[in-house]
Every structure is written in C-alpha cells, then in structure tokens.
Amino acid sequence: MPTHSDRTRLIASATRRGEGRRPVNPPLERASTMLSDAAAVMRDETEGPTYGLSGTNAARQLRRALADLEGADEAFLVPSGLAAVTVPLLALLRPGDEVVTTDALYGPTRRFLSRYQAARDVTTRFLPADADAATIIAAVGDRTRLVLMESPASLTFDMVDAAAVAASCRARGVLTIMDNTWAAGLAYRPLAQGVDVSVQAVTKYVGGHSDVLMGGIAVNAPACRRAIADAIEDLGWHVSPDDAWLALRGLRTLPLRYAEQARSALRVAEWLQARPEISRVLYPPLPGAAGHDLWTRDFTGAASLMSVVMKGGDPAAGEAFLDALTLFGLGYSWGGFESLITHETHQMAYRAHPPKLEGELIRLHIGLEDPADLIADLEVGLGAFRAALTLP
C-alpha cells in the first residue's frame, strides 16, 4: 500500500470503498438506546455500540481518524480540551504520586493539579517556564510518577526537547503526557518520540470553526490505554453525535487551514518584530525567536498562535491596543478561522517563577483573513497603545 500524506489520508478515510452506497459524511445519529435483533447479541460489541455512551458512527470515525493522525493505536474523545488532560491524570495518578511540569502549563490544567489533585495527595513540582530537558530530567525524583509537557508552552511559547525527556523517563519507569494542541497532532507527533500519551483540544484546529468543544487523547502503551479507557467509562464521559460530526468535518480540511494560517502568522510575526512598540515576539517558527532551533529540528509545521511582549505599558495601554482593533475578535480559544487577541499579563502572577517581561503580554491568533488587512488593523492598535503611553 502507498504511504499517503496527511492531507490525503484525512480525506481518503471518508472515500474508501467497500461499504456500499453512502454519503461522504456519515449520517448524523442521535441515540441513547441502541436496539438489537436478538437477546443473544445485545451485549456483543462486534455488532456495534450497545448504548449511546459507546459513541455512534461519527464519533467512531473521528476516533479512528485522530488515531491515524497521531500515529496511535487508540484515540479517545472527551467533552473538552481540558478533559483531554485531566482524564489521563486521573487515570494514571494515585495518592502519594508527584507530577513534574513547568510554570507555562495551560492555566486550567494548573488549577486542576493545584486544587483537585493536591486535595487527593498528588503533588506537583512546577519548574520555571523555560526549563530545558536536562532541568526537567534532573527534577524527576523517587515519587515522580508522571512528567507533563507542553511545547510550545502556553502564553510564553517555551520549547522543550520532549524526545529527550521521554527517553529518560521511560528508562526510569516514569510516564509522560504532552499537550499537543499547538501542533494539532499534525506538525509534531509525540508518540513517535516516545511520549506515552498525546492530548489535544479538538476544540481548536481540528474543529476549526469555533463551534464545538472537545478533547482527544491518543495513546499506544497498553497499560495506559486500558487505564484511560476505564476512567472514561467509569466517569461516563461522552461527546454528542452533533459535536463529533462537526469535528470530523473540520478534520478533513485541517492540513490546508493549518498551513495557510501558519503562512499568515509568520508574515504578521515578522512585521511585529520590526515594530518599535514590540520588545519580543514569542513565536518559535520566527527566525531568531527563542526555541527556533528546536522547532526547526522537530516540527513539520506551525500553529498561528503567538504572543508579543510590548515595550513598557500598563494594563490600560494593553486594553487600549485591543479596543482599537476591528478585525481581531476579543475572545479566548484559538484554532478557528477567525483572528483573536487577548491581554495576558495578569496570568503571569499565577506562576511560581514569573518571567521578567519588558512590558504587557499580548496573545494573538492569526486566522484566515488577508494578512495585509490584519497588519493594517494591528497598526491602528499600536497607535492606540502609543497614545495611551503619553496620557497624563
């Protein structure tokens, strides 16, 4: 069989033959009760799902496609990107265990570890956001059960050599999980680098239209796979057939949207880098940016999410920047077709090791609009930022 590219495989799974006449997209099936023809087969999973919690056709197809995308034996669906992280943590950690991660962890994941898991005697060691692989490996102790990574990391886009961390952890019997949302399971494949569990917010690039909440969990290791499957079954997690259908539709065009938005993001990042109001652009695909060498080595593409550190300013100036824009939506999340912008300086206060920033921290998601129009919009916003700095 030929080896096809990602963009071909994600479409070919919809057009494969041997299933009779059918629509390209699976029919939308809304069901809780599943009927059988005979009592003897009511519990037979080979006949199909026995109850709606097992997932109808769209969910099953989406799971197969995500597993193929991530190079996994199995992929699971949960109701949100946060649940994609918390379910493996619940499944794999026990009282007395320790998690090693960094300060740049996604905020709600940090909250889950610091509040829910800490109350159940699972401790977390937060390293500085820019901790390299050697620093992370050195922090692994006798009680460490799991290392949790994001690369690039939330808000400050710090990079880590996940393969090096995974290899060292595996040799010591320590599990690894990577939040792979930025790469969308497309530009980087953690499982191929030795990571035990790869998770992503299907909400973002896979869904692609800002109209669905979902998470995906990809795994190969049989013990991890069984533990995660059991946790999902015991917790009763389920995604609606409508959401699964929407995510499956978005998955078909993921490679094209991802690549096009990355091209626009790099153009915007290069323009921002040259602006006098900007101290730093935090975007590893940008030549000269922190983490660029590691990104070049390991990644085959880029998300369109970045941050900028302003030269000075205060919260009021940051808000003036955002309020002056007309094309960038003021909203959280990312990965959809639309450009978004958020003011993130306040989130640094939650870190155990707050970074030294030269000014306000602004996060941008670049959508499918014309980058020239986005740049013109940002120029207006930077003008408002400058004006706010000169106000008495």
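**Exercise 1. Which side chains meet in a salt bridge with Asp 161 as one partner, and what is the N to O distance?**

Before starting, note that this is a predicted model, in which local features need pLDDT of at least 70, side-chain atom pairs count only at pLDDT 80 or more, and totals for chains, interfaces and linings use all residues. Residues are numbered from 1 along each chain as its sequence is written, and side-chain values use heavy atoms, with hydrogens and water left out.

*Solution.* 
- Step 1: Apply the rule, a side-chain nitrogen of Lys or Arg within 4 Å of a carboxyl oxygen of Asp or Glu.
- Step 2: Asp 161 pairs with Arg 297, at 2.9 Å from N to O.
- Step 3: Asp 161 sits in the loop between strand 4 (144-150) and helix 6 (162-171), while Arg 297 belongs to helix 10 (residues 292-298), so the pair links distant parts of the chain, 136 residues apart (helices, H or I, of at least four residues and strands, E, of at least two are DSSP runs, numbered from the N terminus).
- Step 4: Check the cover, where buried means under 20% relative accessible area, exposed over 50% and partly exposed in between, with a 1.4 Å probe and protein chains only. Asp 161 is buried because its relative accessibility is 18%; Arg 297, at 51%, is exposed.

**Exercise 2. Find where Glu 379 and Arg 275 lie, and classify each by accessibility.**

*Solution.* 
- Step 1: Their side chains form a salt bridge of 3.3 Å, N to O.
- Step 2: Glu 379 is in helix 12 (residues 371-390) and Arg 275 is in the loop between helix 9 (254-273) and strand 8 (278-282); 104 residues separate these distant parts of the chain.
- Step 3: Glu 379 has 41% relative accessibility and is therefore partly exposed, whereas Arg 275, at 15%, is buried.
- Step 4: For a network, look at Asp 6, Arg 9, Asp 68 and Arg 189, which are joined by salt bridges that share partners.

**Exercise 3. Are Asp 103 and Arg 110 buried or exposed?**

*Solution.* 
- Step 1: These two side chains also meet in a salt bridge, at 2.9 Å from N to O.
- Step 2: Both residues are buried.

**Exercise 4. Describe the overall fold in numbers.**

*Solution.* 
- Step 1: Count the elements: 12 helices and 11 strands.
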